[in-house]
Amino acid sequence: MKTYHSLCLLFILVYTRGAIERMGLPDIASKFIVECSLIFLLYPILRHTGNRKAPGGRWVAGYVALTVLSGIASGDGIYQSLLYFRWLLYTYLVFWAVWNARLTRKDMLRLNTMILGLWILQVAASLFHMFVLGERVEAHVGTLTAGSGSPATVFPIFAMVYVLAFYYYKRSVWMIVLALSFILVGYASGKRAVFFFVPAVYAGSLLWYVVRERIATNLRVLVAPAAVFVACIPLLIFGLVESKRFDHLRGLPIGTFAAEALKVAEEYDNRVYASGETFGRTANSKAMVSRLFGDESGDYLLGLGPASMRPSSGDRAKAEMGIAYGAVGWVENTMSVGWPAMFAHIVFYLLLWSKVYRRRPAMTSNYAKALHFGCHLGFAVYFLMYFTYTYSYAMAGWLTFVQVYCVAIVLSPKHEGLLLNETVYRRQCSRVYQTRPNEFGPNMALRHGRGQSS
């Protein structure tokens, strides 16, 4: 099987797992199908890599080792440790596979188009759920999942920033419309947080682009995205008032509505009961910071065990820490496997982000600049979600596989030719093929940029 086809099937599987679950298969069966297929599809790519290392392997290995130690120390065992660290390990294997993959420019463009198609599929599936099935079920998120609601907040934001990155360098208004249409996935699942995060992230990406390209004196390029966003404000308000706890704000002026909505969200996310239990992501994050810098810091060196937050264990970590509801990514990692493992997890992604930052001078075509900026925004969304909302970004591969795929395309020396301007790419391929046909991989050694990937 060709590398291109393996990666296509990999992305299709992780983006349609929810559809597989809704066909009536048990959750464990859908996991088995997706994860066994993942290993099967990655194996032929990894087998031909020549053992060329991709960055970050030591930090992933450290995370794995610390998770195993946590499992042993807590009595959860190695099997539970494997279940806990497997998705970060899968993510690194995807990164390693793409880093060394034999891809042509045509393969990359087709893969990117297919990923966009899978994102649009989530919008279509959400519309189907609402208007054909007549349902708005939190756990049903497009074709992504049928058992968890968090992706309904995280996915729209992640997809939005990548599409916006391409708008900034391609300038098609339809890209802005498409970027904002991903909100429908959150609305169909009844998520409230998406209506708070989307405006903030949207505005943040605009400001970042202005600073990145130093266009503060030429803001005309921002007129279209600003105008489209303003036109969508009534739709954002409608989506929020149709959600739980915000219906009483219906009919208020926009300014009053925004202030009251933020007040409701703050109260909901920052509760401390008389019993000492904390409710909400902000309250639980504050409680964890107090523990880490207090007398209990030693209790979280290896955490309470990789299974300590699973329902099968009675959510013993939540019970011990006094959490009624809501644990963001870094809190979940710290409670489960300890703060050193959480630190290793963070450093792995920061390492990749720093390498992406240093890679910018090599991005010469608009397509390359868009993909490079998308990687930056993707990392920003990752850390925003990890520290303020959920750990689900790092699970199941919906988002991390796409993120590390794009990062590998941008960083790997083997893919240097893929992001060149089309004319320059063909000229370089032809020159390299004629002078040193065996020295480079297929990306550079295909005559006139054509040929087959292996």
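The structure is a predicted model, in which local features need pLDDT of at least 70, side-chain atom pairs count only at pLDDT 80 or more, and totals for chains, interfaces and linings use all residues. Residues are numbered from 1 along each chain as its sequence is written, and side-chain values use heavy atoms, with hydrogens and water left out.

## The chain as a whole

The secondary structure of the chain consists of 20 helices and 3 strands. Helices (H or I, at least four residues) and strands (E, at least two) are DSSP runs, numbered from the N terminus. The chain has 454 residues, of which 54% count as buried. Buried means under 20% relative accessible area, exposed means over 50%, and partly exposed lies in between, with a 1.4 Å probe and protein chains only. The chain exposes about 20,100 Å², and carbon and sulfur atoms supply 63% of that area. Accessible areas come from the Shrake-Rupley method with a 1.4 Å probe; for residues, only the protein chains shown count as cover.

Among contacts in the chain with a separation of 6 or more, 73% join residues 24 or more positions apart. A contact means heavy atoms within 4.5 Å.

## Two helix pairs

Helix α5 (residues 77–100) packs with helix α16 (residues 339–358) at an angle of about 20°, and their axes are 12 Å apart. Axes are lines fitted to C-alpha atoms, for helices over the stretch in contact, and angles run from 0 to 180 degrees between N-to-C directions. The helices α5 and α16 are therefore roughly parallel to each other. Angles under 35 degrees count as roughly parallel, over 145 as roughly antiparallel, 65 to 115 as roughly perpendicular and the rest as oblique. From α5, the contact is made by Leu88, Thr91, Tyr92 and Phe95; from α16, by His345, Phe348, Tyr349 and Leu352. The residues of this contact comprise 6 nonpolar, 2 polar and no charged. In this classification Ala, Val, Leu, Ile, Met, Phe, Trp, Tyr, Cys and Pro count as nonpolar, Asp, Glu, Lys and Arg as charged, and the others, Gly among them, as polar.

Helix α1 (residues 3–15) and helix α18 (residues 400–411) pack at an angle of about 150°, with axes 10 Å apart. The helices α1 and α18 are therefore roughly antiparallel to each other. Leu10, Phe11, Val14 and Tyr15 of α1 meet Phe401, Val402 and Tyr405 of α18. The contact of α1 with α18 has 7 nonpolar, no polar and no charged residues.

## Helix α8 and its surroundings

In helix α8 (residues 173–181), the buried residues are Ile176, Ala179, Leu180 and Ser181. These buried residues pack against α6, α7 (151–170), α9 (183–188), α10 (194–213) and α11 (223–241). Proline 225 is located in helix α11. Leaving out residues up to four places away in sequence, proline 225 touches Tyr167, Ile176, Tyr202 and Leu206. The C-alpha atoms of proline 225 and serine 172 are separated by 9.9 Å, although the two are 53 residues apart along the chain.

## Individual residues

| Residue | Relative accessible area | Class |
|---|---|---|
| Proline 225 | 0% | buried |
| Threonine 334 | 0% | buried |
| Histidine 129 | 7% | buried |
| Threonine 388 | 34% | partly exposed |
| Arginine 214 | 72% | exposed |

Threonine 334 belongs to helix α15 (residues 329–337). Apart from neighbours within four places in sequence, threonine 334 is in contact with Met288, Leu292, Tyr300, Gly303, Trp339 and Met342. Histidine 129 belongs to helix α6 (residues 105–131). Not counting residues up to four places away in sequence, histidine 129 touches Arg22, Gly134, Glu135, His140 and Gly142.

Threonine 388 is found in helix α17 (residues 366–388). Its C-alpha atom is separated by 6.9 Å from that of arginine 281, 107 residues apart along the chain.

Most residues other than glycine have a negative phi. Arginine 171, in the loop between α7 and α8, has a positive phi near 60°. Arginine 214, in the loop between α10 and α11, has a positive phi of about 50°.
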